[in-house]
Amino acid sequence: MNLRLIAKYIGVFSIAIGLMMTPSMAWALYFREWGPLTALFKALLLSCGIGLVLSWVGRSASEVFRQRDALALVGFTWLWASALGALPFLFGGVAGPVDAFFESTSGITTTGSSILTDIEAVAKSLLFWRSFTHWLGGMGIIVLFIAVLPYLGAGGKQLFRSESSGPDPRGLAPRIKDTAVILYKIYLGLTLAQTIALMLAGMSFYDALCHTFGTLATGGFSPRQASVAAFDSVAVELIIVFFMIAGATSFALYFAVLRGQWKAPWKDTEWRIFVIVLALCVGIVALNLLWGTWAKPEVRVTYTPLGALRYSLFQVTSISTTTGFATADFDAWPYLSRMIMLLLMIVGGSAGSTSGGLKVVRVVMLAKMAYWRLEQTFRPKTVRAIRISGQVIDQTVLESAYGFFVVYLLWFAGGCLFMSALGLPLDTAVSSIAA
C-alpha cells in the first residue's frame, strides 16, 4: 500500500476541511458568538496544520495509485473527516471527545442521529457547521475533492469508483473529474433552489440554509429542537418533501433531463418503483393513522383525513429517503405504520443519490434473481437475462449486489445483537442499527 501517497492526499483533504469551516465563522461573526468563533478558528488552524504536515510527509510519494490505495483512502478520509469535523464541537464545549466524534460522524455520513438534548442551546454558528457537515457528506467528500483537485488524475477515477454508491458507478462524462463537476453543479443548483423556496415560504436565510443542507443530503439535522415541526407550515413541509425526493433520486437522471431526455425518470425502473412504493405507503399509513391501533394509545392524536395525509406524506418521505426530519412523534403511531417506515428506511432511495439504505435497484435485482431461481426450479431449460430499465445486467454486477446484501445482513444482525447486549429493547436496537 502506498502510505506516503495516502498521507499526501489526506493532508490535502485536511486543509480543505479546515477551510470549509470559514462559512461557520462568518455566521459566528454575524451572531456575535465570540467563543464559538474562537473554537472554529482553532479547529481551522489545527486541521490546516495537520494537513500541511501530512502533505510534507507525502511530498516524494510515488504517484502509482492502485485500487487498494483508493479503497484505503476512502475509508481513512471518512474517519479523518469525522475526526476533524468534531473539533469545533470539542473546542466549543458542546460535547466531549467521544460525543463530538459521534455528532460529526453522524453529520458527515448523513445518518442524522444526535447526542444533543437541547439543540437550541448550542451556538447557531456551531449548529450551522453541524448542518454543513451533512451537505459535505451528502454527495461524498471524495467526489467533492475530485471535482476541485484536478491533479488527482488517474487516481481520481479509482476514487470515484470506490466512493460511488450503487451497483454501476459509471461516469456521466468521459473524464471522471468532469463527472464530479457535473454532479456538484446539479447539487449546487438544487441547494440554491430549495433555499430560495424555503425563504419564500417564510424561513430566515439561516434556517433555510440549514434545512436545505439536511434535506438534499438526506441527513435530517435541524437547528430547531422540534425539527421541521417548529415551523408548523404546510408550505415548508411540501417544499422539503419535494426536495427530499429530489435528494433520493439518482443524479444521473438530472443529467439526462438537462440533456433534453425529459422522460428519463419514468423510463428508469428504479425511480418508478421508488415513487410508486412511496405513494402506496403514504396512503396506507394515512389510513392506518385514522383507523389503526396506536402503539401508545395514551398520546393518540385524532387526525382529520387531510391531517393524516399531511403527516403521513412528510414522515413516510422523510424515513424512506433516510432523511429523518420529523413533524410528529411517529414512535406512538400504529405498529403497522412503524413497521412500514422501518422497512422503507432499510431499502432507502436510488443508487447514485444522497440517500442511504440498500438502494431500490439492489432490492429489484435481488427480487428478480429470486424469481429467476424459482422459475428455474420448474423450468430448468429456461435461460433468462435479468434486465433493469431495458438493459441486461452483467453477472458481475448481480454477484456484487448479492454480496453487498449478504454483508449488509451480517452487519445488521451483528449490530442488533451488540445493541441488545448493551441492554436496549428489541425495537430500539433494530431501529438504531437500521438508521
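Q: How does the radius of gyration of the chain compare with that of a compact globule of 435 residues?
A: It agrees: the chain has 22 Å, and a compact globule with 435 residues would be near 22 Å. The radius is taken over C-alpha atoms, and the globule rule is 2.2 Å times the number of residues to the power 0.38.

Q: What kind of model is this, and which pLDDT limits apply?
A: This is a predicted model: local features need pLDDT of at least 70, side-chain atom pairs count only at pLDDT 80 or more, and totals for chains, interfaces and linings use all residues. Residues are numbered from 1 along each chain as its sequence is written, and side-chain values use heavy atoms, with hydrogens and water left out.

Q: What does the C-alpha trace span along its principal axes?
A: About 65 × 60 × 50 Å.

Q: How many helices and strands are there?
A: The chain has 20 helices and two strands. Both are DSSP runs numbered from the N terminus: helices are H or I with at least four residues, strands are E with at least two.

Q: What share of the residues is buried?
A: Buried residues are 51% of the 435 in the chain. Buried means under 20% relative accessible area, exposed means over 50%, and partly exposed lies in between (1.4 Å probe, protein chains only).

Q: And what share of the contacts links residues 24 or more positions apart?
A: 68% of the contacts with a separation of 6 or more. A contact is heavy atoms within 4.5 Å.

Q: On to helices. What are the length and reach of H7?
A: H7 covers residues 124-139, so 16 residues, and reaches 24 Å from first C-alpha to last, close to the expected 22 Å. The expected span is 1.5 Å times one less than the number of residues.

Q: Is H7 mostly covered or mostly open?
A: Mostly covered, with 15 of its 16 residues buried. Just after H7, Gly 140 takes a positive phi of about 105 degrees.

Q: How far does H15 reach?
A: 33 Å over 23 residues (269-291), close to the 33 Å expected. Its buried residues include Trp 271, Phe 274, Leu 278 and Cys 281.

Q: What comes in the loop between H15 and H16?
A: Thr 293 is found there. Thr 293 counts as exposed because its relative accessibility is 64%. Leaving aside neighbours within four places in sequence, Thr 293 is in contact with Pro 334 and Tyr 335.

Q: Is Thr 327 buried or exposed?
A: Buried, because its relative accessibility is 10%. Thr 327 is in the loop between H16 (305-320) and H17 (335-347).

Q: Which residues does Thr 327 touch?
A: Not counting residues up to four places away in sequence, Thr 327 touches Val 228, Ala 229, Glu 237, Tyr 311, Phe 314 and Gln 315.

Q: Is Thr 218 buried or exposed?
A: Buried, with a relative accessible area of 0%.
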